[in-house]
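Let's take a friendly walk through a protein model. Keep the sequence and the 3D view open as you read.

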Amino acid sequence: MDYLIVAGILCVYWILHESGHILSAVMLGLKIEKIGIGFYPIPHLYVAVDKVRNKFQEYIFLFAGFFITCCIILVLFFGKYLTYKMVYVATAIQIMIETNPVYSDFTIALNAERFTLKWNLYFTVWGFLSFILFNPNMVYGWIEFL
């Protein structure tokens, strides 16, 4: 049953994340070409837009989904919903998915090709983040902090 709760929470995260991309595309006046599910290099939802005019617009579009996720996490944190184990686990998984070095908005924005110095540094930071998020001592420390 816990797995279904985590899966449900992740689905909500993914829909809201992609909604952030859609909202930013509309606000920036970008033409949305496609909304769908991709399977390469990993399964993911995506929003494809027509050509972005400049880097600033590209960054706004790419990080809009992550911004929405951060807003949700802040609401969960201050509402003390992260004290529920399944909500915390789903949130930690979502953070790891959104920041993963294989394929994410961050790797697209950084233009980080795999196995370059930039990618290796990013991978190291991501690994450290995953250790912190999934270390039971850290988890219980945060829960006690709340």
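## How to read the model

This is a predicted model, in which local features need pLDDT of at least 70, side-chain atom pairs count only at pLDDT 80 or more, and totals for chains, interfaces and linings use all residues. Residues are numbered from 1 along each chain as its sequence is written, and side-chain values use heavy atoms, leaving out hydrogens and water.

Some terms come up again and again. Helices (H or I, at least four residues) and strands (E, at least two) are DSSP runs, numbered from the N terminus. A residue is called buried under 20% relative accessible area, exposed over 50%, and partly exposed in between, using a 1.4 Å probe and protein chains only.

## The largest pocket

The largest pocket holds about 500 Å³ of space. Its lining has 22 residues, and His 17, Glu 18, His 44, Leu 45 and Asp 105 are the closest to the centre. On a 1 Å grid over the protein atoms alone, a pocket is an open set of points where a 1.4 Å probe fits, with protein on both sides within 12 Å along at least five of seven lines; a lining residue has an atom within 4 Å of a point. The volume is the space filled by probe spheres set on the points, which are joined across faces, edges and corners.

Which element gives the largest share of this lining? The answer is E2, with 5 residues. At least two lining residues each come from helix H1 (2-28), E2, H2, helix H3 (85-98) and helix H4 (105-110).

## A nonpolar patch

Look next for Trp 14, Ile 37, Phe 39, Leu 45 and Ile 97, which form a nonpolar patch on the surface with about 480 Å² of accessible area together. Residues in a patch have over 30% relative accessible area and no salt bridge, and nonpolar side chains (Val, Leu, Ile, Met, Phe, Trp, Tyr) are joined within 5 Å. Accessible areas come from the Shrake-Rupley method with a 1.4 Å probe.

Leu 45 sits in strand E2 (residues 44-49) and is partly exposed, at 33% relative accessible area.

The whole structure contains 8 aromatic pairs. One of them is Tyr 59 with Phe 63, a tilted pair with 6.3 Å from centre to centre and 35° between the planes. Rings of Phe, Tyr and Trp (its six-membered ring) pair if their centres lie within 6.5 Å; planes under 30 degrees apart are stacked, over 60 edge-to-face, and the rest tilted. Tyr 59 and Phe 63 are separated by about one helical turn because they are 4 residues apart in helix H2 (residues 55-78). Tyr 59 is partly exposed at 35%, and Phe 63 is partly exposed at 29%. Ring pairs also join Tyr 59, Phe 63, Phe 66 and Phe 106 into a cluster.

How many salt bridges does the structure hold? There is 1. Glu 58 forms a salt bridge with Lys 55, with 3.3 Å between the closest N and O atoms; the term means a side-chain nitrogen of Lys or Arg within 4 Å of a carboxyl oxygen of Asp or Glu. Glu 58 and Lys 55 are 3 residues apart in helix H2, so about one helical turn separates them. Glu 58 is partly exposed, at 22%.

Most residues other than glycine have a negative phi. Lys 80, however, has a positive phi, near 60°. Lys 80 lies in the loop between H2 and H3 and is partly exposed, at 45%.

Val 52, in the loop between E2 and H2, is 22 residues from Leu 30 in sequence and 7.1 Å from Leu 30 in space. Asp 2, in helix H1, is 49 residues from Lys 51 in sequence and 42 Å from Lys 51 in space. Trp 119 belongs to helix H5 (residues 117-134). Is Trp 119 buried or exposed? Trp 119 is buried, with a relative accessible area of 7%.

Notes. Patches are made of residues with over 30% relative accessible area and no salt bridge: like charges are joined within 9 Å, nonpolar side chains (Val, Leu, Ile, Met, Phe, Trp, Tyr) within 5 Å.
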